[in-house]
Each structure stands twice: as C-alpha cells, then as structure tokens.
Amino acid sequence: GSGLDPDITPQDAIVQIPMVSNATGISPSRLRALIAQETNGEELGFLGSTYIDVLRLNEALSKLR
C-alpha cells in the first residue's frame with residue numbers, strides 16, 4: 001500500500017464504536033462526539049459526501065487515552 005490512511009464515512013466509524021470502546025475503555029458517547037468533531041462536510045456544501053480522515057481521527061483518539 002501507499003502508507004496513507006484512507007477516508008471513511010461517518011457511518012463506517014460509528015459501526016466500529018463498540019470494538020474501539022472495548023479496546024480503549026473510552027465510552028461510546030465520547031467516541032460518537034469525537035466522530036462528529038472529526039467529520040468533514042461536502043466540498044462547497046454540496047459536492048461529494050461527508051468523510052472522516054482516518055489519520056486525524058486516530059490522532060484525536062490517541063489524545064483521549
């Protein structure tokens with residue numbers, strides 16, 4: 001691979017909340033808030049779809065531990 005983390009949809013991140021919560025001990029509500037904080041909207045408000053930069057999400061997650 002390229003070594004770059006892909007973007008994922010907020011829905012894909014939400015599905016992983018139980019697993020991440022069990023692995024880290026961070027509450028599901030706190031993880032939902034983090035996902036909301038790291039969600040990027042459509043370009044110009046209407047192009048594309050919402051996404052989360054996985055690298056940025058992982059960096060923010062590591063700061064919560």
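The accessible surface of the protein chain (Shrake-Rupley method, 1.4 Å probe) comes to about 4,600 Å², and 53% of that belongs to carbon and sulfur atoms. This is a predicted model, where local features need pLDDT of at least 70 and side-chain atom pairs pLDDT 80 or more, while totals for chains, interfaces and linings use all residues. Residues are numbered from 1 along each chain as its sequence is written, and side-chain values use heavy atoms, with hydrogens and water left out.

Going along the sequence, the pattern reads β-α-α-α-β-β-α, which gives 4 helices and 3 strands (DSSP runs, H or I of at least four residues for helices and E of at least two for strands, numbered from the N terminus). Of the 65 residues, 25% count as buried (under 20% relative accessible area, 1.4 Å probe, protein chains only).

Leaving aside residues up to four places away in sequence, Ala 13 touches Ile 8, Ile 35 and Ile 52 (a contact being heavy atoms within 4.5 Å).

How values were computed: Buried < 20%, exposed > 50% of the residue type's maximum accessible area, 1.4 Å probe, protein only.
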